[in-house]
Amino acid sequence: MGAARATATLKDATAIAGIGQTSFAKRLPESEKTLACRAILAALDDAGIAPSEVDAFASYTMEETDEVEIAKAIGAGDVTFFGKVGYGGGGSCATVAHLAAAIATGQASVGVAWRSRKRGSGPRPWTNTQVQLPTPAQWTRPYGLLRPADEIGLLARRYMHEYGATRDHFFNVALACRNRANQNPAAMMYDRPLTREMYMTARWISEPLCLFDNCLETDGALACVLVSAERARDCRHRPVYVHSVAQGLPAQHHGMVNYWNDDPLTGPSWTAARRLWKTADFGPQDVDVAQIYDAFTPLIPLSLEGYGFCGRGEGAAFTEGGALEIGGRLPLNTGGGGLSEAYVHGFNLITEGVRQLRGTGTAQVPGATTCLVTAGEGVPTSALLLRS
């Protein structure tokens with residue numbers, strides 16, 4: 001009994017049965033609560049499950065809507081599990097992981113994970129001067145590192161210095177995401193192609209990061225529905241199984257201002273990856289498509305290294321030769337990602353992963369059966385391996 005409990009995993013015990021989203025825009029008139037309810041109801045309809053069957057919820061600590069109001073508004077039944085995950089985009093995949101654990105252990109049967117955000121029309125979080133700074137920020141923000149772009153910009157410069165990465169490598173990331181968005185009618189950048197000249201002449205946001213190295217500012221909401229693997233087989237779509245899950249917080253980590261660590265470029269992805277692959281039946285070489293958190297372009301090469309697709313310092317070179325495009329070594333962010341579809345703390349990467357394994361992506365990877373989805377690198381993070 002004890003040995004069995006020690007080796008138990010969540011492998012393929014649950015599946016994502018439904019996905020839903022609202023439209024994405026710089027400014028939407030609806031409230032975050034209304035957007036959340038629309039995305040959740042769309043996901044339940046996609047799964048063919050009545051709202052009254054929902055008994056579990058998971059979201060982000062930064063989510064402004066709460067379980068009480070959402071459960072009432074959608075008409076959920078008695079709720080027996082609910083939780084929220086911290087660290088912004090680092091929590092995206094963990095919302096699914098927590099629901100998977102609750103369902104696999106019998107605490108719930110139908111779980112909803114969601115994120116609703118009016119980041120496009122709402123205030124920038126770092127402009128709030130009424131809140132005391134967290135401890136790491138007290139050592140950086142008074143000296144000019146005010147925004148996430150500033151914090152990642154410093155890590156990007158270190159990466160360029162240490163390993164010879166160039167702006168052309170960051171452009172490869174931005175271009176791959178924009179090319180996929182140009183195939184996705186739901187993407188904010190659907191009708192706006194990107195060229196190298198546009199990228200290289202764009203205004204700085206926080207050098208070496210230009211406008212196109214930064215994610216979009218978006219109003220919108222997304223949701224997904226989890227059930228047991230057995231039940232998923234009777235839902236409306238081919239099940240997308242949650243094969244492996246992980247969270248990662250390295251020892252002595254400082255978040256995105258991880259400058260005091262012995263190796264600042266070894267981020268939380270390395271910690272999450274060790275757990276993720278340990279409980280999986282396949283490795284990085286077997287991943288057909290990846291949805292990697294892309295709030296900033298340098299996070300992609302750092303994540304490629306952390307999750308084992310290449311060696312240390314090789315992430316920038318990995319992007320060369322169309323490697324991130326459809327038909328390349330690792331097709332990336334096939335809906336456009338946070339850089340070109342929408343930025344809703346990475347939840348659109350989860351829903352796009354599901355579409356790819358259903359075979360319904362707007363930029364479909366032929367025959368895709370395995371997908372890596374990651375949450376924010378640079379902060380305590382999480383990741384999923386999905387399979388069909």
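A salt bridge here is a side-chain nitrogen of Lys or Arg within 4 Å of a carboxyl oxygen of Asp or Glu. With that in hand, take R38 and E30: the closest N and O atoms of these two side chains are 2.8 Å apart, and they form a salt bridge. One remark before I go on: this is a predicted model.

Staying with that pair, R38 has a relative accessibility of 46% and counts as partly exposed. E30, at 21%, is also partly exposed; the cut-off for buried is under 20%.

The count of salt bridges comes to 19. I will go through two others. In one of them, E217 meets K26, with 2.7 Å between the closest N and O atoms. E217 is in the loop between β6, residues 209–210, and β7, while K26 is in the loop between β1 and α2, residues 32–47. K26 is partly exposed, at 45% relative accessibility. K26 and E217 also belong to a network of salt bridges that includes R119.

The other one joins E53 and R231, at 2.8 Å from N to O. Which parts of the chain does this pair tie together? E53 lies in the loop between α2 and β2, and R231 lies in helix α9, residues 229–232, so parts that are 178 residues apart in sequence are tied together. As for accessibility, E53 is partly exposed at 33%, and R231 is partly exposed at 29%.

Now the sheet. Nine strands form an open sheet with mixed pairing, and the order is β3-β2-β4-β7-β1-β8-β11-β10-β9. Why is one side of β3 and of β9 left without a neighbour in the sheet? Both stand at the edges, β3 being residues 81–85, and each has a single partner strand. From one strand to the next, the twist averages 25 degrees.

Helix α3, residues 67–74, lies across β2, β3 and β4, and runs at about 130 degrees to β2. Helix α14 packs on the sheet too, touching β1, β2, β4, β7, β8, β9, β10 and β11. The direction of α14 makes about 115 degrees with that of β1.

Last, the rings. There are five aromatic pairs by count. One of them is Y293 with Y343, an edge-to-face pair with 6.1 Å centre to centre and 75 degrees between the planes. Y293 sits in the loop between β9, residues 289–291, and α11, residues 299–306; Y343 sits in the loop between α13, residues 337–340, and α14, residues 347–358. The pair therefore ties together parts that are 50 residues apart in sequence.

Are these two tyrosines buried or exposed? Y293 is buried, with a relative accessible area of 5%. Y343, at 10%, counts as buried as well.

There is also a charge over a ring: R115 lies over the face of Y60, 5.1 Å from the ring centre.

Definitions and conventions
Residues numbered from 1 in each chain as written. Predicted model: local features only at pLDDT ≥ 70, side-chain atom pairs only at ≥ 80, totals over all residues. Heavy atoms only, no water. Phe/Tyr/Trp six-rings, centres within 6.5 Å; stacked < 30°, edge-to-face > 60°. Helix = DSSP H or I, 4+ residues; strand = E, 2+ residues; numbered from the N terminus. Buried < 20%, exposed > 50% of the residue type's maximum accessible area, 1.4 Å probe, protein only. Lys NZ or Arg CZ within 6 Å of the ring centre and 35° of its normal. Pairing = 2+ DSSP bridges. Axes fitted to C-alpha atoms, helices over the stretch in contact; angles between N-to-C directions. Contact = heavy atoms within 4.5 Å.
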